[in-house]
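Biologist: I would like to learn how to read salt bridges and the exposure of their residues. Please start with the terms.

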Amino acid sequence: MDDIPGAKLWNAIMQIRKYSPPLPEETGLHMGEFFALHFLYEKTVAKPGEVCVSDLHSKLMMSKPGVSQLLNSLEKKGYLSRDIHAGDRRKIQLLLTPQGLQALEQCQRANEHFVQEITLRFGEQNTEQLALLLTQLAQLMQAYHREQKDI
């Protein structure tokens, strides 16, 4: 079974997930929370706009209860706040707090250091090739998910 290309790919992906970049312990964040904060930053700070719970649900491809649990954790840590949307009182708007921004920046610095170190060890050419292949794989996976929703 392990010599089948699909199984090799799956095993490699699982190994990469297992050894993902460590996040600074003092932030208390796990990877899903980091992705949520990063998404909030991209949508509200880098390019000012609004983010609602439904936006996060679709971006992170998590169940609604999973997103709710993640948001409760981030709110408890003081990294985000929730407000009623001014234009549509049925929606809850998510806001990154200054503490959330600080934790995100700390994690991003750690992540950048990790990626630089791995790139140095793996080699620039190998890194470029792998990035290209992973981008192609991600696009195929995204297309597959879209097709499954259409069925």
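Modeller: Exposure first: with a 1.4 Å probe and protein chains only, a residue is buried under 20% relative accessible area, exposed over 50%, and partly exposed in between. This is a predicted model, where local features need pLDDT of at least 70 and side-chain atom pairs count only at pLDDT 80 or more, while totals for chains, interfaces and linings use all residues. Residues are numbered from 1 along each chain as its sequence is written, and side-chain values use heavy atoms, with hydrogens and water left out.

Biologist: What is a salt bridge, and how many does the structure hold?

Modeller: Side chains of opposite charge can pair when their charged atoms come close. The term requires a side-chain nitrogen of Lys or Arg within 4 Å of a carboxyl oxygen of Asp or Glu. The structure holds three.

Biologist: Which residue forms a salt bridge with Glu33?

Modeller: Lys77 does, with the closest N and O atoms 2.8 Å apart. Glu33 lies in helix H2 (residues 31–46) and Lys77 in the loop between helix H4 (64–76) and strand S1 (80–84), so the pair ties together parts 44 residues apart in sequence. Helices (H or I, at least four residues) and strands (E, at least two) are DSSP runs, numbered from the N terminus. Glu33 is buried at 1% relative accessibility, whereas Lys77 is partly exposed at 32%.

Biologist: Is Arg121 buried or exposed, and which residue is its salt-bridge partner?

Modeller: Arg121 is exposed, at 66% relative accessibility. Its partner is Glu117, at 2.9 Å between the closest N and O atoms. Both are in helix H5 (residues 98–122), four residues or about one helical turn apart.
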